[in-house]
Amino acid sequence: MPTRQRRGESAGAAPLMRSACAGAAFRPNRLLKQMLVLGLGFATSGLAAAAIAQTPAAPAASPVAQSGPPSPATPRKTPRSGPAKPGDPLAAIDWLATPAPDAGLPGTVLLEPPVAGSARRPEVTVTPLASLVAPIGLVKPASTGLPVDLWRGSNAEALATLLASVPVRKSPAMQSLMFTLLLSETRPPVEGGERLLLARLDRLMDLGAPDPAQALAEQAGPTRSKARFKRWFDATLLTGDEQQACSALQDRPHLAPDYASRIFCAARLGDWPTAALLLEAAHALDLVDSRQLDLLDRFLNPDVFEDAPPLRAPKSPDPLTFRLYETIGERRPTSNLPRAFAAADLRDIAGWKAQLEAAERLTRIGALNPNHLLGLYTERSPAASGGIWDRVAALQRFETALETGSAEAVSKTLPKVWRAMQTAQIETAFADLFADQLARIPLDGQAANLAWRIRLLAPTYETASHSPPPSQGRSAFVAAVAQGVPTQELARNGVEQAIAAAFAADSAAPRKLQRLLDNGQLGESILRAMQLFAQGADGNLGDLTDALATFRAVGLEDTARRAALQLLLLDHR
């Protein structure tokens, strides 16, 4: 009977699993695995025992495929570990504690590999925070020879103090090195990078270089902070390029250094109604100093003050005040103002004499290309005599003598023009311009000695050192310095002995600077060596030796030689 047949099948696992799986095809191992993975508990232990009973090798004919009565074989009984104890979890499966039979069972129930073992581990890249900061500078490291991490390891506040205080006025070599440090493309420290950038901009303005300061601020992003914008705005006012800064201020008025700058920029951009409204607000709310209000009144309403007496000139105007005086026709002289104001006299709106004086002043500190000075010197004939006009006339006569190639003409004009350059303290600029041409003129006597000294102040000093004039008394030691091999035997005084000690084979940086070098603080060690050189030039010969030895230790051999040559040859310094 069918009923008995179904009861008989209960001894096997197939009908029970068929019922449990609702007629689906059954694979014992797969179902068990799914139950274990999903954390399902069986309602009875008999179902689990039946599933395990199917794990060994299957018989020749599956019970599902049998059409006759079931086999009389005795079904297996699942051993139990004992009756359930009070407090056992209701979903606990008692047969999990029973060791699985060895015959035919796989080594693990989960056939897939563990997820953690099969997942691909991500590759971790470690990058120092300092390398994520973009370098800032106008000259590539390949051109300056300085590394991009020049300021690594140093405190930004200490660097800013050094940049502001290192004296360079007496040494053209130190001036050149300072500009190299300020303009080289370097990465600021992770902490205090903004402070160092502002110090670089401030020193450029102090040296009379608003054009490089403007370019450096633009590269760094002048609108990223109010302090950056203030320095950028001041630089553009002196270079005559304030249109771009005023446009940026119109879009971001919160960057304005003061209320007067907003009034000036509104008028500069042609928005006169806004400028007038801001000026009235400044009057009503007392937002601007009374003297500057008078100046702004004349700037916005020139017809009203056409017959008014000139305003009293301030002693220390800021760049905006200086430009406002210029726009109302009361331009102030720059000779008694900071060097950065001299750059404003290089524009065509200034007279030729003002341009010449400003060019000499900026060339003296190394802030102007000598070719620019030469162009101004030779622009036209001198308008008068005395002072700067005598220097212009002397240089023009010397240049004419060089063009003729006459040794006699050069011998007559060279001493006069050299005295004129010494008066203006721009000897190195003169040497840069004319050293190569002097080398091609066959001179003798005092003219030959003077020409050789001039050539030693030029970048080609080492070439000149191999052909000293026979009558030059100090030629042996000076030539040895130019070649980098001065000795104590050639030295005749304390300065020369200090220089020779720095170029000795066993010379080294002083201990305090060597510690900085060992720590990778190259930029700070150079700045402190520049401080030592200034003290050495003033008479502290031990500092002079330490400074020159440090320059050589860090690879600034050219700087060391040129600084020593200038100390020996520029007597007035």
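1. Helix H12 (residues 242–251) and helix H13 (residues 259–268) have axes that come within 9 Å and cross at roughly 110 degrees. That angle makes H12 roughly perpendicular to H13 (65 to 115 degrees; axes are lines fitted to C-alpha atoms over the stretch in contact, with angles from 0 to 180 degrees between N-to-C directions). The crossing is left-handed, meaning that the near helix is turned anticlockwise from the far one by less than a right angle. Helices here are DSSP runs of H or I with at least four residues, numbered from the N terminus.

2. The model is predicted: local features need pLDDT of at least 70, side-chain atom pairs count only at pLDDT 80 or more, and totals for chains, interfaces and linings use all residues. Residues are numbered from 1 along each chain as its sequence is written, and side-chain values use heavy atoms, with hydrogens and water left out.

3. In the contact (heavy atoms within 4.5 Å), H12 contributes Glu242, Gln243, Cys246 and Leu249, and H13 contributes Ser261, Arg262, Phe264, Cys265 and Arg268. By class, the contact of H12 with H13 has four nonpolar, two polar and three charged residues. Ala, Val, Leu, Ile, Met, Phe, Trp, Tyr, Cys and Pro count as nonpolar, Asp, Glu, Lys and Arg as charged, and the others, Gly among them, as polar.

4. Threonine 334 sits in the loop between helix H16 (319–327) and helix H17 (339–342). Threonine 334 counts as buried because its relative accessibility is 5% (buried is under 20% relative accessible area, exposed over 50%, partly exposed in between; 1.4 Å probe, protein chains only). Its side chain makes a polar contact with the side chain of aspartate 345 at 2.4 Å (a pair of N or O atoms within 3.5 Å; within protein, one must be able to donate a hydrogen and the other to accept it, and residues adjacent in sequence count only if both atoms are side-chain atoms). Not counting residues up to four places away in sequence, threonine 334 touches Phe322, Phe341, Ala342, Asp345 and Arg361.

5. Most residues other than glycine have a negative phi. Aspartate 286, in the loop between helix H14 (272–285) and helix H15 (290–300), has a positive phi near 55 degrees, and is exposed at 62% relative accessible area. Glutamine 425, in the loop between helix H21 (407–424) and helix H22 (427–439), has a positive phi near 60 degrees and is partly exposed at 29%.

6. Leucine 402 belongs to helix H20 (residues 388–404) and is buried, at 8% relative accessible area. Leucine 402 and phenylalanine 434 are 32 residues apart in sequence and 9.0 Å apart, C-alpha to C-alpha.

Terms used: Helices (H or I, at least four residues) and strands (E, at least two) are DSSP runs, numbered from the N terminus. Angles under 35 degrees count as roughly parallel, over 145 as roughly antiparallel, 65 to 115 as roughly perpendicular and the rest as oblique.
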